[in-house]
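Please keep the sequence and the structure at hand while reading.

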Amino acid sequence: MSTTADPLATLASLPGVADSVDSVRKSIDRVYGHRIMRRRSNEVTAEAALRSARGSAALSGADWALEEVRRRTDFSGDGEARTVGAALRLSAEAGQLLSVWRQSPLRVLARLHLVAAGGDVPDESVGRPRLAGEAVEEPLIELPLPDADEVAGRLDGLARLLLAGTEAPALVTAAVVHGELLALRPFGSSNGLVARTAERIVLVGSGLDPKSICPSEVGYAELGRAAYVAALENYVSGTPEGMAAWIAHCGRAVELGARESTAVCEALQRGAA
């Protein structure tokens, strides 16, 4: 990243990024302007949380139908069930961590991993960055794995960047948080789930999507796992073109999430949901 005082703002100036930011803002404004949002926004938020969890779980290898996620109450079975359960827990937890995120992003990431793990990994590795020699289970991401020292340094740098504040649009900040966590895979498990939840916290806490009704996870799942991995490779390249492409991919996912919630609003208006 740039060494200027506000590297996130520098990313916002890359070609095409402003167009993505503008398109996302218009998509979100359309949802918030829907007449259903004046009376039943809590229902839209609840439905978005469910759909965001389903989308995030799908990206982590548990591609369940929405109605199955809605129906199930026991997620203690096989690996897919545990993944869906973790995604649901994270979706529920995200809104409780906004104030903490502003003070200590690393503390929130530790909490998210603890919530996601749910007792599935040894206690000593839960909620802390991995140590040298510790394995990482993240089957979707096959990029080279940074070593533990690099992970610690870059996590600290990310936290400092966030705490320093930025004039960059929320989409840019959220995309960088998401991409950095995926690239680092700082925990032994559930890194994708944690990264996508952290992105959601930024989008909500920034005021771009304060009611959390535009689930980008739905968009990532719709765009597909192959496109997600290819976009991450662009981020990891560190080139201006690659960074812009990753931000654009994140923006498109948010737009698709907004479209999903627009459909929910329309269904509520018809009395069909």
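The model is a predicted one.

**Helix pairs**

Two packed helices are described by the angle between their axes and the distance between the axes. The table gives both values for two pairs.

| Pair | Residues | Angle | Axis distance |
|---|---|---|---|
| α3 and α11 | 37-59 and 216-223 | about 40° | 7 Å |
| α9 and α12 | 170-184 and 225-237 | about 95° | 10 Å |

With an angle of about 40°, α3 is oblique to α11. The crossing of these two helices, α3 and α11, is left-handed. On the α3 side, the contact involves Arg51, Ser52, Arg54, Gly55, Ser56, Ala58 and Leu59, which meet Glu217, Val218, Tyr220 and Ala221 of α11. Sorted by class, the residues in the contact of α3 with α11 are 5 nonpolar, 3 polar and 3 charged.

The second pair has an angle of about 95°, and α9 is therefore roughly perpendicular to α12. Here α9 contributes Val176, His178, Gly179, Glu180, Leu182 and Ala183, while α12 contributes Tyr228, Leu232, Tyr235 and Val236. The contact of α9 with α12 comprises 7 nonpolar residues, 2 polar residues and 1 charged residue.

**Surroundings of α11**

Which residues of α11 are buried? They are Ser216, Glu217, Val218, Gly219 and Tyr220. Among these, Glu217, Val218 and Tyr220 also take part in the contact with α3. The partners of the buried α11 residues are α3, α9, α10 (191-205), α12 and α13 (240-270). Just after α11 comes Gly224, whose phi is positive, at about 105°.

**Cysteines**

How many disulfides does a search of the whole structure find? The count is 0. For Cys214, the closest cysteine sulfur is in Cys265, and at 9.1 Å the two sulfurs are too far apart for a bond; the cut-off for a disulfide is 2.5 Å. Cys250 is likewise in no disulfide, and its nearest cysteine sulfur, that of Cys214, lies 15 Å away.

Are Cys214 and Cys250 buried or exposed? Cys214 counts as buried because its relative accessibility is 1%, and buried means under 20%. Cys250 is buried too, as its relative accessible area is 0%.

Methods. Residues are numbered from 1 along each chain as its sequence is written. This is a predicted model: local features need pLDDT of at least 70, side-chain atom pairs count only at pLDDT 80 or more; totals for chains, interfaces and linings use all residues. Side-chain values use heavy atoms; hydrogens and water are left out. Axes are lines fitted to C-alpha atoms, for helices over the stretch in contact, and angles run from 0 to 180 degrees between N-to-C directions. Helices (H or I, at least four residues) and strands (E, at least two) are DSSP runs, numbered from the N terminus. Angles under 35 degrees count as roughly parallel, over 145 as roughly antiparallel, 65 to 115 as roughly perpendicular and the rest as oblique. A crossing is left-handed if the near helix is turned anticlockwise from the far one by less than a right angle, and right-handed if clockwise. Contact means heavy atoms within 4.5 Å. Ala, Val, Leu, Ile, Met, Phe, Trp, Tyr, Cys and Pro count as nonpolar, Asp, Glu, Lys and Arg as charged, and the others, Gly among them, as polar. Buried means under 20% relative accessible area, exposed over 50%, partly exposed in between (1.4 Å probe, protein chains only).
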